[in-house]
Amino acid sequence: MGSSQHAVAKADEALLAELGYKQEFKRAFTPLEVFGIAFSIIGLLPSIASVLYYAMPNGGPAAMVWGWAVASLFILCVGMSIAELGSAAPTSGGLYFWTHSLSSPRCRNFLAWIVGYANTIGSIASVASIDWGCAVQVMAAVSIGSGQTFTATSGQTFGVYVAIVLSHGVVCCFGTAVLARLQTVYVVLNVALCLAVIIGLPAATPKEYMNTASYALGNFTNLNGWPDGYAFILSFLAPLWTISAYDSSVHISEESSNAATAVPWAIVSAIGIAGILGWAINVSLAFCMGSDLTYLLDSPIAQPMAQIFFNSFGQNGTLALWSIVVLVQYMMGSSMMLAASRQSFAFARDGALPFSSYLYRMNGFTKTPVNTVWFVAGFSVILGMLSFAGAQAINAIFALSATALYIAYAIPITVRFVFKNDFKPGPFNLGVFSLPIAIISVSFMAFVDIVFFFPTTPQTSVADMNYTVVVLGGILFLSVMWYYFPVYGGVHWFTGPVSNVGKVSEEAASSIRGSVEKNLHANVGEATVEA
Ligand SMILES: *[C@@H]1O[C@H](CO)[C@@H](O)[C@H](O)[C@H]1NC(C)=O
């Protein structure tokens, strides 16, 4: 380790101590790897594949191309507002820590509580929706392989989903170093996949599926029956869900070097690159998908993007490309679970989650918060059970991840400006544009949250009802109840982020005990072999 690197590590540790926390994680992530986390969670092409199903019927090509462009600009504003906060105070509690330190003392505990819960639900819903998307893609691969004779039942898809979630649990327990090194592989595969679609797809598509520019860029096809304007806004779910969870870089602040600069730039550049590449992918798809959208949506493969590939690349080409899509989506799920488990760890550190004292434990052997990893995995499996409530119910976890995270993003951005506080900008700041950008971000998020509380089709039955409002509203309601609960409620003891500088933590002690024991066992093992 060079001396400059050593100085960066010291500065990181000093900034964290100023915020009230001691260094518990290893700073295993370089700036490029922090970007890798944000970018791989966006997981561009596989994500677009997962949500093409929502963009396509709500406006067709025009929604894919122009809905994406409009929404990405707003998302970039949100990302810049978050990046400013992340640069000023890079701590793994992130949104929730900022809310507490920037609010008025009268409501800081309550607001931090709500943000912590919204962030936890949003992160877990992101894990669930990514892994659900992955399960659907695996089933699409089987359908392609069977020559479109196989269509998965929801029981089969759920089984694959559970297997994926559990395997991610195992991956996230291995330790930060292995996951950090894998980020570079994720980024390279991601970009390669995007280029394959942007360049390879137009080259391979037969004439009968090629669309004219006026169709690809101008046709508005509305299949779900909403008024056109409203449908167009619903199509935003595709970019919103794809370019999301960028606060994940914040949650690994305490594991990254030069965090005050690396974290905000990771957020902004991941959103910028994803916005541009994603737009190019949508344009390529709009030109190469043919004009029979109903067929793409209802085909046996049950994944419009896979069907587009199938029409253009044939069975074997699609299988090859699609297996990379599945792999990248799988990697995206493991990054998201990593971030979600760190977020829950930080929230449990301050005692706010049920069973916090059990969840806030660092495993001495892996040096990772194994208990919060399994908490996230278990909760994801429960969310996945929505798939049995009806065809549309699973959509709720996609909308849930965007809407819950927007509640968690909007509150700290707002409190920074409405309360008197001593906000000190970090190295990344927008100067005079801070306030206007924040106003745009918060208005956009409020608007989007209201829109997604409505059902996805106008004819609401039990199967088609929007479970977003049920799940999110239900969990937030319970968290408020718990906050105000007589005697035991958070209002009586919750004081927001708890400083732990200077305490000799139980974790540190038990990790020392653990490593001593491990050495003992190792020595005993050698002794036995020698004997
Ligand atoms: C869009 O394309 C479809 C299919 O070709 C066509 O039926 C429809 O009239 C077009 N709509 C507009 C607004 O051009």
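Ala, Val, Leu, Ile, Met, Phe, Trp, Tyr, Cys and Pro are counted here as nonpolar, Asp, Glu, Lys and Arg as charged, and the others, Gly among them, as polar. The structure is a predicted model, in which local features need pLDDT of at least 70 and side-chain atom pairs count only at pLDDT 80 or more, while totals for chains, interfaces and linings use all residues. Residues are numbered from 1 along each chain as its sequence is written, and side-chain values use heavy atoms, with hydrogens and water left out.

An N or O atom in the side chain of Asn-219 lies 2.4 Å from an oxygen atom of the ligand. On its own the ligand has 360 Å² of accessible area (Shrake-Rupley method, 1.4 Å probe), of which the protein covers 35%.

Helices are DSSP runs of H or I with at least four residues, numbered from the N terminus. Helix H6 (residues 108-145) and helix H20 (residues 467-484) cross at roughly 145°, and their axes come within 10 Å; axes are lines fitted to C-alpha atoms over the stretch in contact, and angles run from 0 to 180 degrees between N-to-C directions. In this contact (heavy atoms within 4.5 Å), H6 contributes residues including Trp-113 and Tyr-117, and H20 residues including Leu-476 and Trp-482. The residues of the contact divide into 13 nonpolar, 2 polar and no charged.

Helix H3 (residues 44-55) packs against helix H15 (residues 304-349) at an angle of about 115°, with the axes 8 Å apart. The contact of H3 with H15 comprises 14 nonpolar, 3 polar and no charged residues.

Definitions and conventions: Helix = DSSP H or I, 4+ residues; strand = E, 2+ residues; numbered from the N terminus. Polar contact = N/O pair within 3.5 Å; in protein donor to acceptor, adjacent residues only side chain to side chain.
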